[in-house]
Amino acid sequence: MTLLRRELLALLAVPPAFALDCADAPGQPYLPPCQPWPKGIEGQRKADMGDGRYLNPVLAGDRPDPTVLKDGPDYYLTHSSFEAVPGLLIWHSRDLVNWQPVANALHEAVGSVWAPDLCRHGDRYYLYLPVKAQPNDILVSWADRIEGPWSKPQPLGLPHHIDPTHVADENGQRWLFLSGGDRVRLSDDGLKLAGPVEHVYDPWRYPEDWDVESFSPEGPKMLRHGGWWHMLLAVGGTAGPPTGHMVIAARSRTLDGPWEQAPHNPLMRTRSPRERWWSRGHGSLVQGPDGDWWTLYHGYENSFHTLGRQMLLAPARFSADGWFHVDADDGAPLPKPKGGDAVPHGLALSDDFSGTTLKPHWQFLSGSGQAPRARVLDGRLHLRANGGKGPGDSPPLGFIQGDPAFEVAFDLDFDEGVQAGVVMFYSPRLYAGMGANARSFQLHRYGQDIRAVPKPAGIARRMQLRLRCARHVLTLYSRADASQPWAKFPVQMDVSGYHHNTAGGFASLRPAVYAAGQGEARFSNLRYRALD
């Protein structure tokens, strides 16, 4: 370990046993504590360490605002999907640590989907999803099976609220609790409003000298336990300073109030930017397989806003006075929940495009009406160009990944009038990567098509491309075919600033392919692998 590394770890107050030399990049020390994660599919990070312990995140990558449903021995969850389509991917677990995808519940563009609520009432499953659109609203969708099909979302008429949570009181009356300490009565079928919005709770306020983004009380989660209704909320803003977001709690004997503030608020908060997880908040309380209690929440990984808000798990407990407490993750491995069975975790991001439909992790990352552009046929992804000039106006097709370092490679060929390529995409205003057309390569940077770059000799409209993103350093490669060595693109880029605190939007930086111009691009043999 170098002297610089030792001094850096002392500055960050990192326990020596926890800070391994697994990321001593020359000239660019890796600031966050570095604990090797267990390897899953394609070397992807996973939480289960195989020895009765786990290491957060339990779902790596951009999985913000988790909503979890305990359904007998099974757990289901989903999370915000924003403008990506399809969205609201539902996950299944039996131990709260290992999760496998089930199906996407949303297959149409309805706006930017924020903090949904997944619940079951009677024999039916419901999703309440707030959308930022024209107009803003909260929509509801239902299904008789968790796998779907899910009904077409219909508006409830709530343009001024976000983050709904469904709950039924002791008399069976259904309610949605909303941002800002409000609630609204629902019809018996849960598909319509049955009264006006009511204000029932004034959220706890933090000290004025704390560094936060904004007050923003949101994400109420409800639980009936020990004769009390418990409410969890998020305050402090979901991004901004690392110390901003937090979880607070209140309780009442009835849903009508009055609500008593938890004497130990906040229950969870990042107290220092030296911690591994920043902006920790938006918690959901759930009972584990063995009857103990756990909190699922989200947080940014220290220095990796680009990965989005990842899903974390922490033990919780009820004290003798009836209040619950959360033992926040300090970055070290934790004992797994007792009981339950581990399902196969995660999903493969590599794709040979066998079959006739896209795998559930693929999403159009912006825009609407894009699904007809993509089809899977003869072992290739056929992506029709939509007349645009680049990734900004030709919505790319990509996926969420949760590794700080990884690479993607694939085969590409395209029609004469097409420009196609690979990018790290945050939004139509912010992306970086390379494109190829019949004449040249194209450099994409800062969300702009910067300039043409000459192609290496021998490359025409059929080629192989490779993207490597290693702790924010983006490197691109090309070659005519596998018999040739890789040619390094002449420009490397630092994409550490491509995130919400820079550009808004609450999203993450994702690998994606695109096709612009007129005609079609064809992608095949896509290979993903995580890097150390």
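Mentor: A cavity here is a set of points, on a 1 Å grid over the protein atoms alone, where a 1.4 Å probe fits but cannot get out, and a lining residue has an atom within 4 Å of a point. Grid points are joined across faces, edges and corners, and a volume is the space filled by probe spheres set on the points. This is a predicted model, where local features need pLDDT of at least 70, side-chain atom pairs count only at pLDDT 80 or more, and totals for chains, interfaces and linings use all residues. Residues are numbered from 1 along each chain as its sequence is written, and side-chain values use heavy atoms, with hydrogens and water left out.
Trainee: Okay, what volume does the largest cavity have?
Mentor: About 300 Å³. The structure holds four cavities of 30 Å³ or more.
Trainee: Which residues lie nearest the centre of the largest cavity?
Mentor: Ala60, Arg63, Trp91, Leu347 and Ile400, out of 26 lining residues.
Trainee: And how much space lies in the second largest cavity?
Mentor: About 70 Å³. Its lining has 13 residues, with Thr306, Leu307, Gln401, Cys469 and His472 nearest the centre.
Trainee: Switching topic, how much space is in the largest pocket?
Mentor: About 570 Å³. A pocket is an open set of points with protein on both sides within 12 Å along at least five of seven lines.
Trainee: What lies nearest the centre there?
Mentor: Val68, Leu69, His166, Met222 and Leu223, among 24 lining residues.
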